[in-house]
Amino acid sequence: MNEAAYILNLLKQGEKKGLQLLFKKYYRPLVLYALKFVRRQDIAEDIVQEVFIKFWEKKSFIAVDQHLRSYLYQAVHNHCLNSLEKNENRRITSISDYGEWAEEERLDDSEWNQKLEEIYREIRKLPPRTQEIFLAVLFKNKKYKEVAEELHISVNTVKTTIARAMITLKNNLNKKTYLFLLFITKNL
Amino acid sequence: MEKIPSHIICLLLSSLKGQLNNADQKQLQNWLEAHPEHHKEIKQLENTLQKVIQVAHFKQIQPEKAWKNIDTHTSKRPGWKKKPILTRYSIAAGLLIPLLIGGILLSRLLPKEKNTPALSLVTKPEPVKPGSTKAVLELSSGEKIVLEESANQKIRNTKGEIIGVNTTNTIAFNSSANSCKITEKPNHIYVPIGGEYNVILSDGTQIWVNSDSRLSFPDHFYGAERVVELSGEAYFQVKHDGKPFIVKTKHSAIRVLGTAFNVCCYKDEASEQITLVKGAVKVKVGKKNYPLRPGEQLRSNPDSNTVEIRKVNTELYTSWKDNLFRFQDMPIEDIALKLKRWYDVNFIFQNEESKKYRFTGAVEKNTSLNELLRLIESTSTNIKFEIKEKEITVTKKQGVR
């Protein structure tokens with residue numbers, strides 16, 4: 001019995017373990033999905049948590065069958081659109097971002113992990129000083145001024161470091177794809 | 001070619017994080033427009049930035065904490081808790097209760113008013129509300145069911161078996177073919193003017209159905225092909241299951257295996273348009289077959305017997321399913337047709353000239369019509385809208401240079 005069927009079975013038997021397994025499989029990807037529509041991570045997490053809670057209490061699993069994945073993504077999408085009624089939550093990005101993820105992009109936790117590991121590895125390859133500044137701004141959400149003061153450098157240096165790091169990452173990630181494609185075509 | 005300046009890259013980063021103010025956003029936009037030679041690199045940077053931001057979010061999530069929250073807010077067995085919980089983002093609603101109670105107490109302390117003011121004779125016009133999710137499902141048995149917005153409405157066939165579930169704005173049909181092929185008669189889903197609905201078929205295919213449309217489909221796809229019929233507009237995300245999926249419209253038949261595309265075939269429009277987003281489709285018009293590639297749109301006009309294929313920005317034709325109206329250089333009479341279906345109003349053009357003015361823009365569909373028309377008015381020196389209940393009169397502004 002595959003994982004999805006196993007989870008569904010547990011849910012239908014009213015076993016909370018089923019919900020927990022479902023959570024482990026889709027929580028983080030669904031939060032990433034919600035972040036396409038709402039600005040704050042805490043709001044995105046609240047939305048996804050509420051989706052799981054409602055899913056359990058309303059026993060939505062009864063007729064969803066094996067479409068668990070698309071159902072959850074759709075439910076998160078709807079909740080996000082509802083919460084966008086309030087201006088503060090709206091994320092101001094390009095309009096194309098309002099689109100849903102296509103089916104192939106609706107991944108589960110382990111698939112996302114794999115996808116992101118590559119980028120994380122590239123970040124780790126940056127020279128230590130650059131990495132420190134990069135992580136501070138992007139992962140710890142520190143402002144340029146904060147980082148500049150902490151490291152006793154100018155704001156301009158912080159910005160140029162970030163910019164250089166971005167270009168490096170962009171080039172390395174694109175190079176990989178190119179080499180990969182080259183490899184594929186050579187071996188056809 | 002010069003390098004992209006660091007401050008631009010940093011602006012890009014802030015923009016993607018949603019932290020850019022209007023002035024900086026404008027600065028970034030101006031720079032982008034002035035440097036088309038960098039567009040490819042900017043796209044790649046955006047891509048990379050997007051991924052980096054996602055990694056950051058992913059790593060910042062604490063699943064154990066989240067699970068604890070879910071666990072404490074759910075009962076041991078499913079369905080025991082009747083009331084949904086209040087979460088952080090709906091805190092405004094949570095505050096309403098204590099305020100109301102305070103309000104009642106306060107009014108008892110206020111001195112009674114001597115005269116109640118006369119009702120004003122001039123009432124403020126009610127803003128024209130946008131459409132919402134609503135639809136009617138007609139089963140093969142002929143039974144009509146109104147699809148409500150409430151959760152978990154179970155749909156049963158004549159034998160009493162559950163064949164699908166309706167929640168919020170989506171109706172999903174079961175994939176298990178319990179009964180043997182009894183009838184091939186299709187079900188129909190009608191989405192009225194002002195409505196829109198999502199359907200998940202028994203094979204997993206997802207269809208967004210737009211206002212003023214009808215989709216016909218069977219319970220299960222028994223034959224060698226999966227066939228549905230559409231009148232109006234819908235966006236299809238077809239699940240690949242080996243069997244070709246065919247959408248029949250009044251004048252054409254679209255054939256796919258697994259892909260995403262938009263079909264627009266309203267009876268009150270002169271042409272049918274099929275826009276391909278992903279995958280491959282083959283459109284049959286009359287006796288000829290036209291293959292389409294992603295990013296292409298086929299336009300067929302049965303009156304003039306013409307078929308035209310061109311490259312388009314597919315988003316202009318699919319954004320409606322994501323709660324957005326998007327139009328690019330579109331004449332107001334075409335915009336009026338779309339608005340008419342969602343807001344259930346009629347447009348009257350005072351003169352032929354006013355029909356041809358063109359507009360470009362994007363607006364969320366849950367905006368009131370009044371606001372939307374005001375927006376259009378504000379971008380043009382030529383046009384003026386007069387809103388009277390369900391009738392909108394379009395005139396050319398007087399005193400235009």
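**A pocket in chain B and the contact between the chains**

Mentor: In this predicted model, β13 (260-265), β14 (272-278), β17 (296-301), β18 (306-311), α6 (315-318), β19 (324-331) and α7 (332-343) of chain B each supply at least two residues to the lining of the second largest pocket, the elements being DSSP runs numbered from the N terminus (helices H or I, at least four residues; strands E, at least two). Residues are numbered from 1 along each chain as its sequence is written, with chains lettered from A and ligands numbered from 1 in the order written. Local features need pLDDT of at least 70 and side-chain atom pairs 80 or more, while totals for chains, interfaces and linings use all residues, and side-chain values use heavy atoms, without hydrogens and water.

Trainee: What makes a residue part of the lining of a pocket?

Mentor: On a 1 Å grid over the protein atoms alone, a pocket is an open set of points with protein on both sides within 12 Å along at least five of seven lines, and a lining residue has an atom within 4 Å of a point. The volume here is about 800 Å³, filled by probe spheres (1.4 Å) set on points joined across faces, edges and corners. Of the 40 lining residues, those closest to the centre are Gln273(B), Tyr317(B), Met330(B), Asp334(B) and Lys338(B). β19(B) gives the most to this lining, with eight residues.

Trainee: Why is the pair Lys59(B) and Glu117(A) called a salt bridge?

Mentor: The rule asks for a side-chain nitrogen of Lys or Arg within 4 Å of a carboxyl oxygen of Asp or Glu; the closest N and O atoms of Lys59(B) and Glu117(A) are 3.5 Å apart, so the pair qualifies. Three such bridges are found across the interface of chain A and chain B.

Trainee: Which element gives the most to the side of chain A that touches chain B?

Mentor: Seen from chain A, the elements giving two or more residues to that side include α2 (16-34), α5 (68-83) and α9 (155-186), but α3(A) gives the most, with 13 residues. The contact as a whole takes 84 residues from chain A and 79 residues from chain B.

Trainee: Which residues does Leu337(B) contact, beyond its neighbours within four places in sequence?

Mentor: Leu337(B), in helix α7 of chain B, is in contact (heavy atoms within 4.5 Å) with Asp268(B) and Glu269(B). Leu337(B) and Glu269(B) are 68 residues apart in sequence, and 8.7 Å apart from C-alpha to C-alpha.
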